[in-house]
Amino acid sequence: MIKSLLVFNPKAKATNDESSSPRWNTSRLPSKGAASAAVMGLGLVWAALGGSLLLATEYLQDTVSKEVYFFLAACCLLVGATTTHGLGGSLRHKQTGPFTMELGADVDPRQPDPVTTWKFYQPFRGGAWFVATQGMGWALFSISIVCLCWLLLQVVAGVAYCIRCWALITGSVMFCAQLFLGMSIWTWKEGSVAQGVAQTVRQVVTNPAQEAASWSAVWLPILMMYSPVQVVCTVFSLSFMVLPASFAAAMWVGGLAVYYAVTLPGAPEHTGRRESALIQKWCHKHMETALKAWFGNVEVVREGSIPFDPQDRFIFGYTPHGLFPIGAGFLPYIPAWGKLLPGIVPATLVASILFFTPLVRDLVSWCGLRQVSRRTFVRALQDKGSVMLVPGGQAELVHTWRIKRRQEYVVYSGHKGFVRMGIEHNAKLVPVVVLGEVNALQNPIDLPELQRWTYKNLGFPVPYWVVGRWGVSPFPKRAGLKFIIGEPICPRPHVPGTKVDEAEVDRLHKIFYDKVAELFTQHKDSFKGYERVKLIMI
């Protein structure tokens, strides 16, 4: 079948040792990656077709037709999974024999066929990520089969209830199984992980408490920071799939009414009333471990020798915003921060929308974050003595795509409110530049013009979809992190209650962003991947 895809070249002249042997021209063949991706795409189509067949059973009247549709859905699942794993893996990882199958090359069919180290059944081979994604994919495949059998039994017995709900769930599981199997193909590496798996199993059996603590130190901080929105949306969607719509709506309305009645009093987004010393202590202990495990290298450096007096007030301006500037929240929890700036623990100011979303609201409140508003800004300066915010805001967010497509590090310098607040409250401005964070997460739907228009007219860029590692997860890529803390910039003495001099605002604003440019230029060459990145100030 594969050879039939080759294009015969009748004009190729035979050499002396070829006599009348034909030659095959492969210039029109897709690359290994494109061929395997096409097979994976077909697998997803099979899964979608199977799910559609399941949904269609709701409109069938006779039991026999429903049984046929269930059987066809199972066939779609089986064909999609086996094709994605077997053919997709073989196409992706096939290796050439004595000749080289490169694009545009003429191939002599008398030579041996290409050989491959890929096998359909290869337990504990292919690397840890391959084994993990394969395990998840085949587990979801098995769950799909079980759900199909259960649905079929319910239909035959005549007691099936809410077929549409269960069909949606089963179809979603089928689709996810294909996604994991497809992802596993791209993570496959030569070699066995049996010894590593065996060692891990021995460690878990020998000391389960220690292994659980080690796992939580790496995963829980990342889950807390990068996945709560996805968790809430998933639970919300599943509740309407599994339960009757009226019951699910009543459950959410009643539950959220009680939830907000308990968490709203005291305005924690303004006062910090719900801060948890226990949670913050835990973050101090495990944050750096988790960040190094996910980002690779994490570094916090400070420029200059001007001391930071804890008795003074500071406004830390964190740049750039990126898609999800979570670093502004966890930076004070990195031990290096405490060593470089002892006694200074700023309150990070974040978008107020975070305090309306369940679970997200709890996490940011426990960690001491507050909403970014003038009133809260003043209160946080009085309570904590320092604040951290991202002055570029969403105006900077809409330019994040440029780091990947143009290698441009965009900083928006149009906001001056934080400078004015610094003058009014005699607080020193401190530039903080982060390298690597904008590379860790990306929006796969790059529509810059539409995003800028929706930001300007709606106040929020659309479409906004954050993905990181593996191309589908919200977890950060292994991009590295480097935080550079600049010297404090002192405003001229200001009498409280008097009007702020706009000339002083412009002067400090210019100094601040000149320092941002200086810090970036000074450190970009020492950060991997930033040697050719250009700073764009807008």
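Arg361 is a buried residue, with a relative accessible area of 1%, where buried stands for under 20% relative accessible area, exposed for over 50% and partly exposed for the range in between (1.4 Å probe, protein chains only). The model discussed here is predicted, so local features need pLDDT of at least 70 and side-chain atom pairs count only at pLDDT 80 or more, while totals for chains, interfaces and linings use all residues. Residues are numbered from 1 along each chain as its sequence is written, and side-chain values use heavy atoms, with hydrogens and water left out.

Arg361 belongs to helix 13; helices (H or I, at least four residues) and strands (E, at least two) are DSSP runs, numbered from the N terminus. Apart from neighbours within four places in sequence, Arg361 is in contact with Tyr259, Tyr260, Thr263, Leu264, Pro268, Glu269, Arg274, Leu354 and Phe355, contact being defined as heavy atoms within 4.5 Å. Pro228 lies 133 residues from Arg361 along the chain, and the C-alpha atoms of the two are separated by 9.6 Å.

Now to the protein as a whole. It has 20 helices and 14 strands, and 43% of its 538 residues count as buried. Among contacts with a separation of 6 or more, 77% join residues 24 or more positions apart. The accessible surface comes to about 27,500 Å², and carbon and sulfur atoms hold 63% of it; these areas come from the Shrake-Rupley method with a 1.4 Å probe, and for residues only the protein chains shown count as cover.

Seven strands form an open sheet in the order 6-13-12-7-10-8-9, with mixed pairing; two strands pair if DSSP finds at least two bridges between them. Strand 6 (298-302) and strand 9 are the edge strands, each pairing on one side only. Strand 8 (residues 347-350) is covered on both faces, with Ala347 and Leu349 buried on one side and Thr348 and Val350 buried on the other. This arrangement can be read against a general rule: in a regular strand the side chains alternate between the two faces of the sheet.

Strand 8 runs parallel to strand 10 (residues 386-389), and two bridges join them; here Thr348 stands opposite Met388. Two bridges also link strand 8 to strand 9 (residues 370-371), again in parallel, and Val350 stands opposite Gln371. From strand 8 the chain passes through helix 13 (residues 360-366) to strand 9 in a right-handed β-α-β crossover. Right-handed means that, with the strands pointing away from the viewer, the path from the first strand over the helix to the second runs clockwise.

Helix 14 (residues 374-384) packs on the sheet, touching strand 7 (314-319), strand 8, strand 9 and strand 10, and its direction makes about 135° with that of strand 10. Axes are lines fitted to C-alpha atoms, for helices over the stretch in contact, and angles run from 0 to 180 degrees between N-to-C directions. Within helix 14, Thr376, Phe377, Val378, Ala380 and Leu381 are buried. Their cover includes helix 9, strand 7, strand 8, strand 9, strand 10 and helix 17 (417-424). Just after helix 14, Gly385 has a positive phi of about 85°.

Helix 9 (residues 268-271) contains His270, which counts as buried because its relative accessibility is 7%. Beyond neighbours within four places in sequence, His270 is in contact with Arg370, Arg375, Thr376 and Arg379.

Another pair of helices is also worth a look. Helix 7 (residues 228-242) packs against helix 8 (residues 245-263) at an angle of about 145°, with the axes 8 Å apart. Val235, Phe236, Ser239 and Phe240 of helix 7 meet Ala245, Ala248, Ala249, Met251 and Trp252 of helix 8. The residues of this contact divide into eight nonpolar, one polar and no charged, with Ala, Val, Leu, Ile, Met, Phe, Trp, Tyr, Cys and Pro counted as nonpolar, Asp, Glu, Lys and Arg as charged, and the others, Gly among them, as polar.

Finally, Ile536 lies in strand 14 (residues 534-537) and is partly exposed, with a relative accessible area of 21%. Neighbours within four places aside, Ile536 is in contact with Arg402, Glu408, Tyr409, Val410 and Val411. Arg402 is 134 residues from Ile536 along the chain, and their C-alpha atoms are separated by 9.9 Å.
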